Amino acid sequence: MASELLKGISESLGLDGNYINEKMGVESEKWTQVLVANMYPPCPQPELSIGLPPHSDHGLLTILMQNDPSILGLQVLHNAKWVPIHPLPNSFLVNTGDHMEILTNGKYKSVVHRAVVNNKATRISIGTAHGPPLDKIVSPAPELLANGVGTQLSLPAYRGIKYRDFLELQQSKTLNGKSCLDCLRL
Ligand SMILES: O=C(O)CCC(=O)C(=O)O
Ligand SMILES: [Fe+2]
């Protein structure tokens, strides 16, 4: 499913459908897939608590599902406001991650999101994060920097970094409140 979505994203950028899959080693033996299960039990004082603090996902795409679409929890930061996401029944929700933003030179943004809790029902979400192999150095795709006649030539907005080093940077205490992407911005 992730590789089909990545085909659509490649095409939306005017690239060959297999571009991202090939460049990012998607479905190769070493590509990164992480399964995360989150459980948010009811909280008597939800306004004093947070389920999952604001963050962006590090990979290319995260595919998320949740137990009951009528229980709200996920919020996305949009125009400096937290917007609640109303999941569609029987659907997956797809987030674009930091490496999508780096690879597309900011054409696709990495979504900052968080999960809030409620005082009524347990919410469970299950996500699969999809990224390149850990030893892959990801930098803005050259094809997107000078994309055809009549379009503006853009300069790379991020420096390249090995996926493993990005994950280590994200886990390290040297960020001082900055996001990893901010550290890579040129
Ligand atoms: O519970 C949710 O909907 C969000 C989960 C999430 O953002 C994550 O696992 O990275
Ligand atoms: Fe997330």
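User: Which residues coordinate the iron ion (ligand 2)?

Analyst: Donors are N, O and S atoms within 2.8 Å of the metal (3.2 Å for Na, K and Ca); water is not among the atoms, so sites may look incomplete. Here His-55 (NE2), Asp-57 (OD) and His-113 (NE2) coordinate the iron ion (ligand 2) at 2.1 to 2.3 Å. Asp-57 sits in the loop between S2 and S3 and His-113 in strand S7, so this pair ties together parts 56 residues apart in sequence; strands (E, at least two residues) are DSSP runs, numbered from the N terminus. This is a predicted model, in which local features need pLDDT of at least 70, side-chain atom pairs count only at pLDDT 80 or more, and totals for chains, interfaces and linings use all residues. Residues are numbered from 1 along each chain as written, chains are lettered from A and ligands numbered from 1 in written order, and side-chain values use heavy atoms, without hydrogens and water.

User: Is Asp-57 buried or exposed?

Analyst: Buried means under 20% relative accessible area, exposed over 50% (1.4 Å probe, protein chains only). Asp-57 and His-113 are both buried.

User: Which residues are closest to the centre of the largest pocket?

Analyst: A pocket is an open set of points on a 1 Å grid over the protein atoms alone, where a 1.4 Å probe fits, with protein on both sides within 12 Å along at least five of seven lines; lining residues have an atom within 4 Å of a point. The largest pocket holds about 700 Å³ of space. Of its 35 lining residues, His-55, Ser-56, Asp-57, His-58 and His-113 are closest to the centre.

Terms used
Points joined across faces, edges and corners; volume = space filled by probe spheres on them. Helix = DSSP H or I, 4+ residues; strand = E, 2+ residues; numbered from the N terminus.
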